[in-house]
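Here is my short note on this model. Please keep the structure open while you read the points.

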Amino acid sequence: MPIPRVVARSNRYLANPLFRRLAGRVPPLVLIEHRGRRSGKPYATPVLGFRDGSDPAWVVALTYGLEVDWLKNLRAAGGGVVVARGERSRTGPPVVGEGIAAASAIPAPIRAGLRLMRVDWFVRLPPSPDGQEGER
């Protein structure tokens with residue numbers, strides 16, 4: 001079972017502002033920039049993002065489940081932007097995967113912790129097909 005929604009809602013106002021300052025600069029924190037699917041408002045959501053050398057896609061564990069707003073927004077827009085280590089990477093449509101063990105880009109100790117938390121879903125954010133840097 002992923003982390004309860006009540007925790008996600010409180011993190012939106014408590015933890016996210018702090019993590020947003022570090023995300024994009026301190027690995028494995030990355031920012032996912034996306035636009036509201038109804039409002040068009042820009043958002044920047046801090047998450048733990050991972051890549052391995054053989055695959056340019058970003059992998060993010062869905063610790064709050066499949067119904068997170070940032071994932072819905074990325075799906076609606078067909079992608080977004082990942083900011084990591086000061087660089088911006090435009091992503092294509094997100095691909096949801098089940099079975100955290102299959103998310104090989106996530107380091108083994110973190111995968112083990114996610115399994116203990118009963119997190120079983122992850123999302124793969126491949127590079128944008130057009131290869132352009134994203135807009136904010």
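1. The largest cavity has a volume of about 40 Å³. A cavity is a set of points on a 1 Å grid over the protein atoms alone where a 1.4 Å probe fits but cannot get out. Grid points are joined across faces, edges and corners, and the volume is the space filled by probe spheres set on the points. The structure holds one cavity of 30 Å³ or more.

2. This is a predicted model: local features need pLDDT of at least 70, side-chain atom pairs count only at pLDDT 80 or more, and totals for chains, interfaces and linings use all residues. Residues are numbered from 1 along each chain as its sequence is written, and side-chain values use heavy atoms, with hydrogens and water left out.

3. Which residues line the largest cavity? They are Val26, Pro27, Pro28, Leu29, Val30, Gly49, Trp58, Ala84 and Arg85. Lining residues have an atom within 4 Å of a point.

4. Now the largest nonpolar core. Such a core is a set of buried Ala, Val, Leu, Ile, Met, Phe, Trp, Tyr and Cys residues joined through side-chain atoms within 4.5 Å. Buried means under 20% relative accessible area, exposed over 50%, and partly exposed in between (1.4 Å probe, protein chains only). The core has 14 residues, and Ile32, Val60, Trp70, Val123 and Leu125 touch the most other members. Strands S1 (29-35), S3 (55-61), S4 (81-84) and S7 (121-125) and helix H3 (69-77) each supply at least two residues of this core. H3 gives the largest share, three residues. Helices (H or I, at least four residues) and strands (E, at least two) are DSSP runs, numbered from the N terminus.

5. Look at Ile32. Leaving aside neighbours within four places in sequence, Ile32 is in contact (heavy atoms within 4.5 Å) with residues including Tyr43, Val60, Trp70 and Leu125. A second, separate core of ten residues includes Phe50, Ala105, Ile106 and Val119.

6. Next, charged pairs. A salt bridge is a side-chain nitrogen of Lys or Arg within 4 Å of a carboxyl oxygen of Asp or Glu. The count comes to four salt bridges. One of them joins Asp69 and Arg37, with the closest N and O atoms 3.5 Å apart. Asp69 lies in helix H3 and Arg37 in the loop between S1 and strand S2 (42-52), so the pair ties together parts 32 residues apart in sequence.

7. Arg124 and Asp55 also meet in a salt bridge (3.0 Å, N to O). Arg124 lies in strand S7 and Asp55 in strand S3, so this pair ties together parts 69 residues apart in sequence.

Conventions:
1 Å grid on protein atoms, 1.4 Å probe; cavity = no way out; pocket = protein on both sides within 12 Å on 5 of 7 lines; lining within 4 Å.
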